[in-house]
Amino acid sequence: MPAYAGMTRETSQFLGKCEDLTMSEQIKNFINGQWKPGSGASFESCDPANGELIGTANQSTPADVKEAIDSASAAFPAWKAIPQPKRAEIVYKVGDIFKRRKEEIAQLMSREMGKPIAEARGDTQEGVDMAYYIASEGRRAWGWTVPSELPNKRMYVERVPLGVCTLITPWNFPIAIPTWKTFPALVMGNTVVLKPAEDTPLLANKFAEILIEAGVPKGVFNVVHGSGGPISDALVTDPRVRMISFTGSSAVGAAIAGKAAPLHKRYSLEMGGKNPVVVMPDADMDLAIDAVLWCAFGTTGQRCTACSRLILVDPVGDSFVNKLKERATKLKLGHGADPTTQVAALINKKALDKVADYVRIGRDEDKAKLILGGERATDGALSKGNFFKPTLFDHVKQGMRIEQEEIFGPVLSIIRAKSYDEAIKVANGVKYGLSSSIFTRDVNVVNRFQTDIEAGLVYINAGTTGAEVSTPFGGHKATGNGHREGGPTVIEAYSELKSVFIDYSGQVQKAQIDNN
Ligand code: UN1
């Protein structure tokens with residue numbers, strides 16, 4: 001067993017073989033300040049690199065979800081009454097605790113989610129950053145005053161909380177993404193029911209522990225575990241749930257929208273990406289290769305922001321591809337806790353099968369050339385985990401399924417374009433629009449790209465990953481539904497507006513009628 005520096009006694013209790021449940025501890029729901037198991041069947045959280053058991057949890061039932069919503073709903077009036085800067089101070093404290101426990105959380109993440117330890121530290125740091133960022137936003141005045149068209153009349157706008165928010169989060173950023181949603185929800189005075197991915201339940205409970213330690217009152221933050229399917233109605237349609245925030249697949253996002261829209265609920269959806277990097281002939285090629293390796297194969301391609309399409313503009317071509325291939329061949333696969341690991345395991349068997357299926361699809365499509373990888377990595381200890389070799393398809397054509405659909409794995413499609421115009425057509429020719437990047441030294445091309453690209457994130461001379469918490473995060477087209485996480489815009493997602501009119505004229509003033 002690898003040495004996991006920084007592991008606490010508590011987390012070490014979760015070690016054991018997946019087949020041997022005797023050593024595992026139950027991962028419980030957190031409802032109304034109490035830890036209690038979900039009422040449904042048990043499921044396991046396993047280390048994707050070796051199958052070791054991290055813990056067992058229980059599927060929640062609609063009744064469990066109802067109890068969590070009861071708790072969040074009961075806690076709402078008192079939480080909302082706490083002044084916003086005070087709520088923000090609690091979130092600031094959460095940031096301090098995260099900072100103190102960063103190594104412990106990161107070590108656990110490299111086992112439960114599997115990502116390399118440096119990336120796990122980054123994921124946790126994103127939680128720290130979000131806590132401090134949103135806590136500082138909490139001290140600002142959110143409303144604004146508006147000049148009235150009538151005399152002796154004052155108008156202003158203020159923000160008020162929505163109520164209970166259901167947050168449904170993925171496993172790929174098991175700490176960062178729950179923090180992106182929970183912190184602004186809490187600062188704005190909402191209460192929360194978090195439904196984390198069933199692959200990373202223990203990390204969600206660590207998050208809950210930190211919120212408790214920081215002083216979040218009971219009922220304000222609740223966690224229910226399990227797969228969304230059986231409990232999605234309860235999470236979305238309960239009349240007390242005012243807002244649903246979801247990050248994950250487009251299919252699930254559409255299902256949530258289908259349920260929430262007729263009930264007039266607010267929902268913020270953050271879904272797929274098929275993010276392109278365009279390399280122009282005048283680019284710094286070494287920089288572009290470094291960046292592409294990182295944004296295509298970092299996190300094993302399991303980021304919504306990962307680059308999955310590399311568009312090379314003529315005459316950039318074979319020599320770039322050969323160098324990229326040479327470097328990608330050398331990427332070191334291994335357990336996330338090993339600091340030399342560059343590419344970790346995929347999250348689960350289903351993900352492994354999906355990536356393998358897409359490789360088959362790419363090969364069958366016949367026009368693309370598989371030039372690297374394309375199969376599971378099974379050498380030595382890798383055979384125990386969900387490892388897939390970094391994979392390159394060259395000469396991919398626009399419209400092929402591997403060029404259009406989100407694979408969420410270490411598979412990069414290389415597309416050759418004759419000109420900038422053709423590259424932009426390819427870049428925009430997918431349904432998604434999350435991240436994008438161009439490598440060039442030409443200031444005019446930089447400006448054209450910024451204008452032309454249909455994406456929420458635009459990187460110049462940098463890969464497609466690495467958004468910071470203080471900028472709006474989200475995508476155009478089918479990636480989202482117009483809301484943004486991060487930046488001051490996230491405050492908008494978690495608050496409702498009230499326009500207030502104070503007439504101190506002592507008369508009945510009629511807007512639009514008196515004012516002609
Ligand atoms: C995601 O993949 O869902 O910009 C989030 C990035 C990270 C967040 C990714 N800061 O790559």
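Helix α12 covers residues 349–365, and its 17 residues run 24 Å from the first C-alpha to the last, close to the 24 Å expected at 1.5 Å a residue. That expected span is 1.5 Å times one less than the number of residues. Helices here are DSSP runs of H or I with at least four residues, strands are runs of E with at least two, and both are numbered from the N terminus.

A word on the model itself: it is predicted, so to speak about local features we need pLDDT of at least 70, side-chain atom pairs count only at pLDDT 80 or more, and totals for chains, interfaces and linings use all residues. Residues are numbered from 1 along each chain as its sequence is written, and side-chain values use heavy atoms, with hydrogens and water left out.

Back to α12. Its buried residues are Ala 351, Leu 352, Val 355, Tyr 358, Val 359, Ile 361 and Gly 362. Buried means under 20% relative accessible area, exposed means over 50%, and partly exposed is in between (1.4 Å probe, protein chains only). The cover over those buried residues includes β16 (391–394), α13 (401–404) and β17 (411–417). After the helix comes Asp 366, which has a positive phi, near 75 degrees.

Take Asp 233 and Lys 259, whose side chains meet at 3.6 Å, N to O. Asp 233 sits in helix α8 and Lys 259 in helix α9 (residues 250–260), so this pair ties together parts that are 26 residues apart in sequence. Asp 233 is partly exposed at 44% relative accessibility, and Lys 259 is partly exposed at 27%. Another salt bridge joins Glu 326 and Lys 330 at 3.8 Å, N to O. Here Glu 326 counts as partly exposed because its relative accessibility is 48%, while Lys 330 is exposed, with a relative accessible area of 58%. There's also a salt-bridge network, which links Arg 100, Arg 101, Glu 104, Lys 206, Glu 209 and Glu 213.

Asp 238 counts as buried because its relative accessibility is 13%. Its side chain reaches the backbone nitrogen of Arg 240 at 2.8 Å. Leaving aside neighbours within four places in sequence, Asp 238 is in contact (heavy atoms within 4.5 Å) with Ile 69, Asp 233 and Lys 265.

Last stop: a sheet. Strands of a sheet pair through backbone hydrogen bonds, either parallel or antiparallel. Two strands pair if DSSP finds at least two bridges between them, and β4 pairs with β5 (residues 53–58) in the antiparallel sense over five bridges. Cys 46 has Leu 53 in β5 as its bridge partner.

Notes:
Polar contact = N/O pair within 3.5 Å; in protein donor to acceptor, adjacent residues only side chain to side chain. Salt bridge = Lys/Arg side-chain N within 4 Å of Asp/Glu carboxyl O.
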